[in-house]
Amino acid sequence: MAEIVIVPSPAAAGVLVADEIVKLISERPDAVLGLATGSTPLPVYEALRPRVAGLDVSHVRGFALDEYVGIDPNHPESYRSVITKEVVEPLGLNPDLIQTPNGDLATISHAGEDYERAIAAAGGIDLQILGIGTSGHIGFNEPGSSFASRTRVKTLIEQTREDNARFFDSIDDVPMHCITQGLGTILEAKHLFLLAFGEGKAAAVAGAVEGPVTSSLPGSAIQLHPHVTVVVDEAAASQL
Ligand code: GLP
């Protein structure tokens with residue numbers, strides 16, 4: 001059973017997770033972080049800024065969960081750009097040690113395997129930050145994803161493209177495909193932190209934490225993991 005922490009605000013969740021990350025880096029300067037995009041993890045990255053001042057973060061390694069396929073890495077909404085802007089630059093991390101899956105079409109046929117190899121070579125992910133989509137997806141593992149899946153290309157479902165259209169000029173600009181760590185990949189991280197805020201996430205959170213373990217709700221895979229902390233506000237916890 002996951003540990004569930006109900007916090008008064010996203011900012012409080014950010015502080016809680018940031019403190020864990022600081023503790024980890026203090027003990028292990030070359031810790032491997034699993035980074036998430038979307039709006040949910042932003043309070044974590046914000047809370048980390050003042051907390052890493054004075055800490056040597058030059059050896060910290062990181063792997064993003066996912067990336068759009070066929071997007072220019074310099075596009076402002078590529079996850080490479082988002083991670084650079086929200087995490088690498090403000091925290092002063094070494095950009096060479098922070099990876100995102102490679103969504104370049106020219107190398108896409110082996111990009112999943114390459115990413116898996118890189119994670120394995122780093123010794124695995126110590127602490128994985130996760131958001132959850134309204135469809136119950138984690139990373140970009142949409143409903144139907146196998147619990148054994150590894151990093152691979154997936155097609156985004158319409159609901160996710162609609163949810164993410166707010167980051168683009170229009171829904172037509174949201175890519176159709178993504179490359180995402182698989183559920184099997186995510187389950188190998190040593191400690192998972194699943195964060196969710198707001199009423200809109202309540203059903204997905206309840207399904208992930210208490211519902212049947214089913215690939216129809218990919219977030220329910222967390223129930224198979226021995227060390228999960230779910231950090232939610234009252235609204236996201238309202239169906240628990
Ligand atoms: C996005 C990301 C996920 C994220 C989820 C929720 O599409 N690929 O990693 O957890 O959807 O996004 P948000 O945090 O913006 O609600």
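How many bridges pair β4 with strand β8 (residues 177-180), and in which sense? Select both strands: they pair over three bridges, in the antiparallel sense. Strands here are DSSP runs (E, at least two residues; helices are H or I, at least four), numbered from the N terminus, and two strands pair if DSSP finds at least two bridges between them.

Before going on, some housekeeping. You're looking at a predicted model, where local features need pLDDT of at least 70 and side-chain atom pairs count only at pLDDT 80 or more, while totals for chains, interfaces and linings use all residues. Residues are numbered from 1 along each chain as its sequence is written.

Colour by pLDDT, the predictor's confidence in each residue from 0 to 100. The chain averages 97, with 100% of its residues at 70 or more. The model's scores are ipTM 0.95 and pTM 0.97.

Back to the strands: click Tyr68 and you'll find its bridge partner, Cys178, in β8.

Finally, select 13-224, which an unreviewed UniProt entry lists as "domain: Glucosamine/galactosamine-6-phosphate isomerase". This span is 35% helix and 15% strand, and its end C-alpha atoms lie 23 Å apart.

Terms used:
UniProt positions are given in the numbering used here, feature names are shortened, and annotations may be inferred rather than shown by experiment.
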